[in-house]
Amino acid sequence: MWKGAAVFLLATIAIGWHLRYQAPVEVPKLPLDQYWGPGAPVPDPKDVKPFKINVSKQIIDDLHQRLDKTKTFVEPLEGVAWTYGVPSTYLKSVLTHWRKKYDWNKRQELLNKYPQFKTKIQGLDIHFYHVKPQQPKDRKVRVLPLLLLHGWPGSVVEFQKVIPKLITPQQGHDFVFELVIPSLPGYGFSQAASKPGLGPAQMAVIFKNLMTRLGYQKFYTQGGDWGSLITKCLAILFPEHVIGAHFNMCVVESAKAHLMSLLGSFIPSLVIDSEHHSKMYPLTHHLSRLIEEMGYMHIQATKPDTVGTALSDSPAGLAAYILEKFSTWTDPEYRFRDDGGLLEKFTLDELLDNLMVYWVTNSIVTSQRLYAENFAKPNRDLAVDKFPVKVPSACAMFPHELMYRPESIMRDQYVNLIQFTHPARGGHFAAFEEPELFADDVWSFVRKNEQLLVNEKLQKAQKKTTTNA
């Protein structure tokens with residue numbers, strides 16, 4: 001009883017919070033040239049330089065020394081699996097593999113498979129993959145630019161398995177994708193801001209500038225986790241540039257959304273169909289689960305540098321902190337397994353590739369600062385993500401995503417939602433876990449939107465012909 005009351009109280013507080021911070025009347029206009037680099041502003045060079053990951057032997061030797069000197073572990077409690085976090089018994093096996101079996105030279109070669117570049121945007125070196133498709137020999141297809149945005153604690157590694165599925169022309173489609181896959185500022189090989197304030201909306205400006213620098217005045221965009229929020233901000237701030245937006249973390253954080261969710265506890269049919277009822281209700285169960293998973297967020301939203309210092313000094317600590325998320329955010333049931341279910345969807349080398357991106361660039365601290373910037377008062381007051389998303393949109397609601405929003409609530413903000421799907425498998429790291437399902441959903445959305453655009457052009461042509469007649 002007390003737990004339900006506590007959760008209800010928290011939900012009430014959350015509603016009050018969102019009522020207080022509603023969006024202004026007009027979408028704010030963010031400066032397109034705000035300087036985030038060190039020191040006084042200087043003009044950005046416009047060149048785009050090829051880049052390859054090339055980590056020095058000194059960094060790898062230092063990593064091995066730290067792994068060799070990992071402090072004696074505390075024994076886990078009996079029978080708790082991963083419910084208290086990553087058990088030391090399992091972590092030992094991960095660190096042994098990392099030290100003795102993981103071959104960085106081979107993995108680095110794999111990560112360098114696709115063309116990478118860096119360019120200076122608003123004072124920051126932005127790293128990105130730029131992968132172009134091959135035209136089929138038997139037909140000509142249109143090439144559509146697609147911006148793919150990752151989140152935390154992920155990286156560009158998340159998209160490695162889905163890249164070939166998006167750049168390979170498919171039967172029945174007259175288009176194919178040209179991919180731009182950047183590292184978020186402060187993540188991996190993209191430079192971190194030297195000044196406070198770089199939140200999701202400001203990152204949206206950076207990526208709009210990146211795409212126009214590459215010659216794309218109009219493009220599709222896709223995101224999960226922070227990439228989802230940045231994609232939303234792109235669609236709201238620059239609808240003239242975004243052809244369509246695809247999300248695999250679909251979130252509406254508004255007073256109305258919270259009120260409707262509470263109302264659905266009493267009259268579910270007003271909010272959600274019976275097939276998906278258990279994904280939201282009982283509400284106390286799902287809110288309890290969110291509270292259980294959100295401890296890291298409060299830390300990173302308030303004191304990211306403190307916890308980040310420990311993680312940047314210890315590869316064992318970094319592994320425990322990040323791998324725990326790849327277990328429980330992939331499937332909450334995995335926390336009851338002794339192995340955390342980690343190898344159900346990933347190989348250990350793939351997971352270590354992602355860890356290495358953070359380790360070799362020393363970017364765990366700077367990546368976590370995004371939480372603090374997002375929740376800082378200036379960005380809350382901007383409230384960019386509270387405005388309606390008017391561009392054509394799609395939501396892929398993977399079954400083990402952290403939060404479920406039904407289509408009825410999604411449509412309240414995503415006013416041009418043309419696709420809402422429930423893929424059969426997958427969790428928070430959709431492209432990494434289920435590349436086939438993820439790619440199929442993107443293809444499906446873009447096909448629908450392209451057909452709608454064709455129909456719209458035909459209607460305008462017919463209307464013009466009728467008017468002239």
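User: What percentage of the 469 residues in the chain do buried residues make up?

Analyst: This is a predicted model, in which local features need pLDDT of at least 70 and side-chain atom pairs count only at pLDDT 80 or more, while totals for chains, interfaces and linings use all residues. Residues are numbered from 1 along each chain as its sequence is written, and side-chain values use heavy atoms, with hydrogens and water left out. A residue is called buried under 20% relative accessible area, exposed over 50% and partly exposed in between, with a 1.4 Å probe and protein chains only. Of the 469 residues in the chain, the buried share is 54%.

User: How many helices and strands are there in the chain, and what is its radius of gyration?

Analyst: Helices (H or I, at least four residues) and strands (E, at least two) are DSSP runs numbered from the N terminus, and the chain has 18 helices and 9 strands. The chain is as compact as a globular protein of its length, because the globule rule gives 23 Å for 469 residues and the computed value is close to that. The radius is taken over C-alpha atoms, and the rule is 2.2 Å times the number of residues to the power 0.38. The radius of gyration of the chain is 23 Å.

User: Among contacts between residues at least 6 apart in sequence, what percentage join residues at least 24 apart?

Analyst: Contact here means heavy atoms within 4.5 Å. Among contacts in the chain between residues at least 6 apart in sequence, the share that joins residues at least 24 apart is 80%.

User: Is Glu450 buried or exposed, and which side chains does its own side chain join through polar contacts?

Analyst: Glu450 lies in helix H18, residues 435-468, and counts as buried because its relative accessibility is 10%. Not counting residues up to four places away in sequence, Glu450 touches Arg142, Leu144, Tyr220 and Ile243. A polar contact is a pair of N or O atoms within 3.5 Å; within protein, one must be able to donate a hydrogen and the other to accept it, and residues adjacent in sequence count only if both atoms are side-chain atoms. Side-chain polar contacts join Glu450 at 2.7 Å to Arg142 and at 2.5 Å to Tyr220.

User: The side chain of Gln122 reaches the backbone oxygen of which residue?

Analyst: Gln122 lies in the loop between strand E2 (116-121) and strand E3 (124-131), and it counts as buried because its relative accessibility is 5%. Leaving out residues up to four places away in sequence, Gln122 touches several residues, including Leu32, Trp36, Val205 and Asn209. At 2.8 Å, the side chain of Gln122 reaches the backbone oxygen of Gln34.

User: Where is Asp339, and with which residues is it in contact beyond its neighbours within four places in sequence?

Analyst: Asp339 is in the loop between helix H12 (315-328) and helix H13 (348-361), and it counts as partly exposed because its relative accessibility is 32%. A polar contact of 3.1 Å joins its side chain to that of Arg337. Asp339 and Tyr90 are 249 residues apart in sequence, yet 6.6 Å apart in space, C-alpha to C-alpha. Leaving aside neighbours within four places in sequence, Asp339 is in contact with Trp82 and Tyr90.

User: How many Å apart in space are Val25 and Phe387?

Analyst: Val25 is in the loop between helix H1 (2-20) and strand E1 (48-51), and it counts as exposed because its relative accessibility is 82%. Val25 and Phe387 are 362 residues apart in sequence, while their separation in space, C-alpha to C-alpha, is 9.0 Å.
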